[in-house]
Amino acid sequence: MRSLRDPAPSRLAYRMNRLMLTPRFRTFLRFGLPVLIVVSIGAFWASDADRRLDVSDRVVEIKRQIEERPEFMVHMMAVDDVSDTVAADIRSILAMDFPMSSFDLDLDAIRAEVEELDAVASASVQIRGGGILSINASERVPAMVWRNADGLTLLDRDGHRVSALNMRTDRADLPLIVGAGANELVPEALDLIGLSGSIAPRVRGLLRVGERRWDVVLDREQRIQLPEADPITALKKVIALDAAQDLLARDIAAIDFRNPRRPVLRLTKGAIDAMNDIELTETKDTLR
Amino acid sequence: MTDLYESQRAMRAMRRAAMQRGVIALLDVGTSKIACLILRFDSDTGLPETEGIGAMAGQSRFRVIGAATTRSRGVELGESCAIQETERAIRTAVQAAQKMANVRVDHVIACLSGGQPRSYGLAGTVRVNSEVVNEQDVACALASCDVPDYGMDRDILHAQPVNFALDHRSGLTDPRGQIGQRLACDMHMLTVDTAVMQNLIYCLKRCDLELAGLASSAYVSGMSALVEDEQELGSACIDLGGGTTGLSIFIKKHMIYADCIRLGGEHITQDISKGLQVSTSVAERMKTFHGGVVATGMDDRELIEIGGETGDWEHDRRTVTRAELIGIMRPRVEEILEEVRKRLDAAGFEHLPSQQIVLTGGGSQIPGLDRLAPKILGQSIRIGRPLRVQGLPQAVTGAAFASAVGLSLFASHPQDEWWDFEVPTDRNAHRSFKRAVRWFRDNW
C-alpha cells in the first residue's frame with residue numbers, strides 16, 4: 001500500500017530542518033541549552049530561602065563531624081627545650097582546654113602569642129601525631145643586669161628584657177648597667193666590659209649618664225668618664241695608662257676622658273690635702 | 001533600464017556572498033522533475049597545479065556535495081502554474097539535498113525553461129574618447145545599443161556582449177587596451193515573460209532562499225553538453241525536456257540564439273496515454289522501459305504487458321506490440337524535431353561554419369533517436385551528456401541533468417553580462433546633476 005502522504009515537507013518542517021542545519025544553532029543545542037536548563041533548575045531550586053538554609057546547615061554539620069573525628073583531635077600540649085618556669089608561663093598564657101580539634105587551632109597565632117613572652121626568643125609550633133600540640137621554644141639567655149628607676153631587670157645580649165630580678169646578688173655573675181636608656185646599648189656595654197681586662201675585677205658596673213655617654217664605675221668610688229663618641233678607644237687608652245703607670249691604683253676620684261684630647265684626673269679629697277702638704281713642705285724647704 | 005541594472009547587480013552581489021560562504025544551491029525547475037545540486041567552493045582542491053592541469057575551466061574549484069531530484073509538481077511547459085505546489089516540490093528537493101550535504105544553503109541559482117524566451121541581436125557603436133579603449137568605452141558601447149521594444153510584460157534574462165569590432169577589425173573578444181577610433185559591439189539579449197520569472201522568484205522566496213542568479217535553461221544546458229570546440233566553432237544544443245524543448249546556438253563560446261519549443265516528453269507520454277487508454281503513470285513507465293522511435297521486425301513480435309490498476313481485469317491484461325508503441329511515439333518526436341529544424345532555419349543556423357547539433361535532456365535517451373534525428377536535422381548529430389563535475393553522484397550524471405550541471409558552470413564562471421560593466425557616467429542622472437551643479441558653482 002503506497003503512502004498517500006504528501007512527500008513535501010511542510011513549511012514549518014522545512015524551516016525546522018534548515019534551523020537544525022545551522023551550525024550556530026546546533027552548537028547552542030549541544031552546549032548552550034543543557035547548561036541553560038541545569039542553571040535554571042538550580043536557580044529555581046535555590047530561590048527558596050528555607051532550602052538554602054537547610055543546605056548550609058547540613059554543610060556545617062558535616063564539616064563539624066569531620067573536624068571532630070578522633071584523628072583530628074588534639075589532647076595535650078608538650079612544651080620542650082625551656083625551663084619549667086617559662087613552660088608554665090607558656091601554658092598559662094595559651095590556656096587551652098583540651099581536647100579540641102586541630103582545625104580550630106591557629107598555629108601561627110599560637111606561635112606569635114608564645115613569642116610575645118619576654119623569656120622566649122623564638123618558638124615553633126606543630127601538631128605531632130597522636131594529637132599532641134608540640135611547642136619548641138628557645139629561651140633568651142640573660143647577659144646583663146639593668147638597674148633603673150623601676151628596679152632590677154635581666155637583659156639578653158640584644159638588650160631585650162628577659163625577666164625581673166629581685167636581688168643583684170641573685171645574678172652576681174652578670175655585669176650591671178645603670179641608668180635610663182642603658183638597655184638600648186647593651187651590645188656596646190658588653191664590648192666595654194669585655195675590654196676591661198685587667199681592671200675587670202674592679203668594675204662595679206656601667207653608668208649611663210644623661211642617656212648620652214658611659215661612666216665606668218669601679219670600686220673605691222672611682223669613675224672613668226668616657227666620651228659620647230668612640231668610648232671603646234677611650235677605655236683602651238685608660239687601660240693602657242693604667243697598665244703603664246698604675247693609674248687607677250692611685251688615690252684619684254675620676255679619670256675624665258670626656259674630651260679624649262684632654263683627659264683630666266680628679267683627685268680625692270685626701271690626695272689633694274696630701275698634695276697641698278707636700279707643696280707646703282717644699283715651699284718651706286725653699287724658703288728655708 | 002536602471003531597474004534591470006539594480007536587480008541583476010543585486011543578484012551578482014548575492015552570488016559573490018555565496019561564494020564567500022562557500023555553499024550555493026542550484027535549482028533546475030523543470031516540467032517533469034526538479035533537481036537540486038549543492039556546490040561547495042573551496043580554493044584547495046587537492047589537485048596539483050602543474051602545467052598539464054590548468055584551471056579546468058574553473059571546475060576544479062567546486063565540488064557537488066548534495067544532489068536531490070524530485071518529481072515536479074505544478075509546473076507545466078516550464079512555467080509554474082500552481083505556485084503552492086511548485087513551492088512544495090522545491091522544498092522537497094532542497095531539503096533532500098541539504099540532508100545529503102549536511103549543510104544549510106541560503107543562496108540559490110535557478111534556471112528557467114519556460115517563459116517563451118526570445119532572442120534579440122543588438123548592435124551599438126561609439127567613438128572612442130581616448131586613444132586606447134578602456135572599460136568605460138566598452139560600457140558606453142554596450143549602453144549605446146538600441147534596445148528594441150520587447151514588450152511591457154517581458155524582462156531581460158541575459159544580455160551578453162558577443163562580439164566587438166574596432167574600426168575594421170571584427171571578432172574581438174576583449175577590445176580593452178587596443179587602439180582605435182570607433183568601437184562597435186554586438187550583444188545577444190534574451191527576454192522572458194515577467195510573470196513566469198516573478199512566479200519562480202516568489203517560490204524561491206517562500207522557501208527562504210536568496211536568489212543569486214537566474215539563467216535560461218537552454219543556455220546552461222548548452223554550457224554543459226557542448227564541448228569547448230563545439231562552442232567555439234558553432235553548434236546547437238537541443239535540450240529535450242519534459243514540457244519544453246530548449247534550443248541554444250553557440251559560436252565563439254557565446255550564445256547567440258536561444259529559443260524554446262513548447263513540446264516535450266510529457267506530450268509523448270500523453271499521446272501514449274490517450275492512444276492506449278492508460279493512466280499517465282503507466283504511459284510514462286511504458287515510454288521509459290519500452291519506448292523507441294525506430295521500429296524493426298523484431299518489434300512486431302515483442303509484446304508488452306500494459307498493466308494498470310483500474311480494477312477491470314480485461315482492461316489491465318491487454319498487451320501491445322512494441323511496434324505499436326513506437327508508432328505512437330514517433331510522430332510526436334518527429335514533430336518536435338521538425339519544430340527544432342524550423343527554429344534553426346529561422347535563426348540562420350546553416351550559415352555557421354560548423355553545424356554540429358547536440359541532443360541532450362531526458363528526451364535524448366529515447367532509443368533510436370540517433371537514427372531518427374539525422375533524417376530531420378542533418379548529419380552531424382550526437383547525443384550529449386553533461387560534463388562530469390567533481391563529486392557528482394552517478395544518479396545525476398544522465399542527460400536529463402544537463403541544465404543542472406550547466407548551472408554549476410554558470411555559478412562558478414559566469415560570462416560577462418551587460419550589468420557587469422559600470423554604468424557610463426553621462427547616463428547616470430544623479431552624477432550628471434552633480435556635475436551641472438559643480439559647473440554652475442565654478443562659473444558663476
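Which residues touch the most other members of the largest nonpolar core? In this predicted model, the residues in question are B:Ala25, B:Leu26 and B:Cys36, and the core to which they belong holds 121 residues. Helix 11 of chain B, which spans residues 322–347, gives the most to this core, with nine residues. As general background, nonpolar side chains in soluble globular proteins tend to be buried together.

Not counting residues up to four places away in sequence, B:Leu26 touches B:Cys36, B:Leu37, B:Leu39, B:Ile109, B:Ala404, B:Leu407, B:Ser408 and B:Ala411.

On the side of helix 11 of chain B, the contact is made by B:Val333, B:Glu334, B:Leu337, B:Glu338, B:Val340 and B:Arg341, while helix 12 of chain B supplies B:Leu372, B:Ala373, B:Ile376 and B:Leu377. Seven of the residues in this contact are nonpolar, three are charged and none is polar.

Helix 12 of chain B also contains B:Leu369. Is this residue buried or exposed? B:Leu369 counts as buried because it has 20 C-beta neighbours inside 10 Å, and a residue is called buried at 20 or more. When neighbours within four places in sequence are left aside, B:Leu369 is in contact with B:Val293, B:Leu359, B:Ser364 and B:Ile383. One of these, B:Leu359, is 10 residues from B:Leu369 in sequence, and their C-alpha atoms are 9.2 Å apart in space.

Helix 6 of chain A, residues 186–195, packs against helix 7 of chain A, residues 231–245, at an angle of about 15 degrees, with the axes 10 Å apart. Helix 6 of chain A is therefore roughly parallel to helix 7 of chain A, since angles under 35 degrees are classed in this way. The crossing of these two helices is right-handed. Helix 6 of chain A contributes A:Asp191, A:Leu192 and A:Leu195 to the contact, and helix 7 of chain A contributes A:Pro231, A:Ile232, A:Leu235 and A:Lys236. These residues divide into five nonpolar and two charged, with no polar residue.

Finally, the two chains themselves may be considered together. The side of chain A that touches chain B comprises five nonpolar, two polar and three charged residues.

Definitions and conventions:
Residues numbered from 1 in each chain as written. Chains lettered and ligands numbered in written order. Predicted model: local features only at pLDDT ≥ 70, side-chain atom pairs only at ≥ 80, totals over all residues. Axes fitted to C-alpha atoms, helices over the stretch in contact; angles between N-to-C directions. Helix = DSSP H or I, 4+ residues; strand = E, 2+ residues; numbered from the N terminus. Parallel < 35°, antiparallel > 145°, perpendicular 65-115°, else oblique. Left-handed = near helix turned anticlockwise from the far one by under 90°. Contact = placed C-beta atoms within 7 Å. Nonpolar A, V, L, I, M, F, W, Y, C, P; charged D, E, K, R; others polar. Core = buried A, V, L, I, M, F, W, Y, C linked by C-beta atoms within 7 Å. Buried ≥ 20, exposed ≤ 12 C-beta atoms within 10 Å, placed from the backbone.
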